Amino acid sequence: MGRFATTAALYEDLRPPYPPEFFRSVAQKLALTERSALIDLGTGPGLLALGFAPYVGRIVGVDPEPDMVEAARRAAARAGRNLRLIESKAEMLPAGIGTFDLVTIGRALHWMDRASILAVFERLVAQDGAIAICVSFSAPDGRNPWLDDYNAVRRNWSQAGFWADAGRGERIHRDLPDFFQGSAFHVADVIRVETRHEISVTDLARRVLTFSSSSPEVLGDNVEAMLRDVEERLAPFSRNGVITETLLTVAEIVRR
């Protein structure tokens with residue numbers, strides 16, 4: 001069983017969403033058309049692949065976790081989109097898969113082997129194509145006054161490794177110039193979109209379950225206790241059980 005096997009059913013609904021404004025902004029910036037082809041590495045339930053689907057002609061999603069691939073298949077069916085899905089690690093994609101105008105990656109780059117994935121990018125990215133490293137997260141600059149308490153209680157219930165992995169993922173996003181140093185690629189642009197949405201305290205607490213180190217499998221019999229603890233910490237910041245979340249959604253655009 002993969003590290004995200006027990007989070008697949010929760011991931012799509014509870015992770016910080018990629019808003020429509022984000023997909024529109026990136027598509028316009030990159031001049032995507034129905035002739036464009038996109039491959040999403042570490043696709044999970046297909047959030048990026050299906051979000052960009054209205055702006056491209058061909059979409060492929062890749063994920064090593066069977067439950068995530070099945071979640072993406074169901075999501076594509078609900079959306080009426082033709083999404084080709086491949087169950088594989090990105091580093092192990094076959095050589096004959098072709099080239100793409102856009103390669104997208106969400107919070108997955110930090111799980112990939114650097115040398116191997118750079119070689120894959122050489123094969124996948126069309127000559128004038130791009131890579132978009134994407135992330136959506138709660139704004140950490142005080143606009144979400146509940147966030148410090150939320151992160152503190154998450155830390156209490158998560159395996160110690162979560163925070164090392166989370167920090168590593170953030171560093172990968174911050175230090176992309178270092179990641180691509182010595183390769184044929186460089187960071188060419190950054191697209192940022194800020195949005196706000198309402199989320200229930202219950203769903204914000206359940207978001208903790210979508211992380212590999214605080215998944216239902218890891219927490220076991222402690223799931224309900226964790227949910228109660230998180231909800232109690234969030235309650236003072238809510239109104240009628242609802243919290244306003246300010247989201248920052250970012251795409252770092254990498255080109256040859």
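Because the model is predicted, local features are given only at pLDDT of at least 70 and side-chain atom pairs count only at pLDDT 80 or more, while totals for chains, interfaces and linings use all residues. Residues are numbered from 1 along each chain as its sequence is written, and side-chain values use heavy atoms, with hydrogens and water left out.

The secondary structure of the protein comprises 11 helices and seven strands; helices (H or I, at least four residues) and strands (E, at least two) are DSSP runs, numbered from the N terminus. Of its 256 residues, 51% count as buried. Here buried means under 20% relative accessible area, exposed over 50%, and partly exposed in between, with a 1.4 Å probe and protein chains only. A contact means heavy atoms within 4.5 Å. Among contacts between residues at least 6 apart in sequence, 79% join residues at least 24 apart.

Helix H2 spans residues 20-30, and its buried residues are Phe22, Phe23, Val26, Ala27 and Leu30. They cover an arc of only 125 degrees around the axis, which puts them on the same side of H2; the arc is that of the directions from the helix axis to the C-beta atoms. An α-helix has 3.6 residues a turn, so residues three or four places apart point the same way. The opposite face of H2, turned away from its buried side, carries the exposed residues Pro20, Gln28 and Lys29. The cover over the buried residues of H2 includes helix H3 (47-52) together with strands S4 (100-105), S5 (125-138), S6 (186-200) and S7 (242-255).

Just after H2, the chain reaches Ala31, which takes a positive phi of about 55 degrees although Ala31 is not a glycine. This residue lies in the loop between H2 and strand S1 (37-41), and at 55% relative accessibility Ala31 counts as exposed. Asn240 also has a positive phi, near 55 degrees, in a residue other than glycine. Asn240 belongs to the loop between H11 and S7 and counts as exposed at 77% relative accessibility.

The loop between S5 and H6 holds Asp141. With a relative accessible area of 47%, Asp141 is partly exposed. Asp141 and Thr246 are 105 residues apart in sequence, yet their C-alpha atoms are 10.0 Å apart in space.

Helix H6 covers residues 147-157, and Leu147, Tyr150, Asn151, Val153 and Arg154 are its buried residues. Seen down the axis of H6, these residues fall within an arc of 165 degrees, so they line one face of the helix. Asp148 and Asn156 are the exposed residues on the face of H6 turned away from that buried side.

H6 packs against helix H11 (residues 223-234): their axes come within 9 Å and cross at roughly 160 degrees. The axes are lines fitted to C-alpha atoms, for helices over the stretch in contact, and angles run from 0 to 180 degrees between N-to-C directions. H6 and H11 are therefore roughly antiparallel to each other, given that angles under 35 degrees count as roughly parallel, over 145 as roughly antiparallel, 65 to 115 as roughly perpendicular and the rest as oblique. From H6, the residues Asp149, Tyr150, Ala152, Val153, Asn156 and Trp157 meet Ala225, Met226, Asp229, Val230, Arg233 and Leu234 in H11. The residues of this contact divide into eight nonpolar, one polar and three charged, where Ala, Val, Leu, Ile, Met, Phe, Trp, Tyr, Cys and Pro count as nonpolar, Asp, Glu, Lys and Arg as charged, and the others, Gly among them, as polar.

Leaving aside neighbours within four places in sequence, Leu204 is in contact with Trp146, Tyr150, Ile199, Leu234 and Ile243. At 0% relative accessibility, Leu204 counts as buried. Leu204 and Ile243 are 39 residues apart in sequence and 8.5 Å apart in space, C-alpha to C-alpha.

Finally, Leu247 lies in strand S7 and is buried, with a relative accessible area of 1%. Beyond its neighbours within four places in sequence, Leu247 is in contact with residues including Pro16, Pro17, Phe137, Val193 and His197. Leu247 and Phe137 are 110 residues apart in sequence, while their C-alpha atoms are 5.5 Å apart in space.
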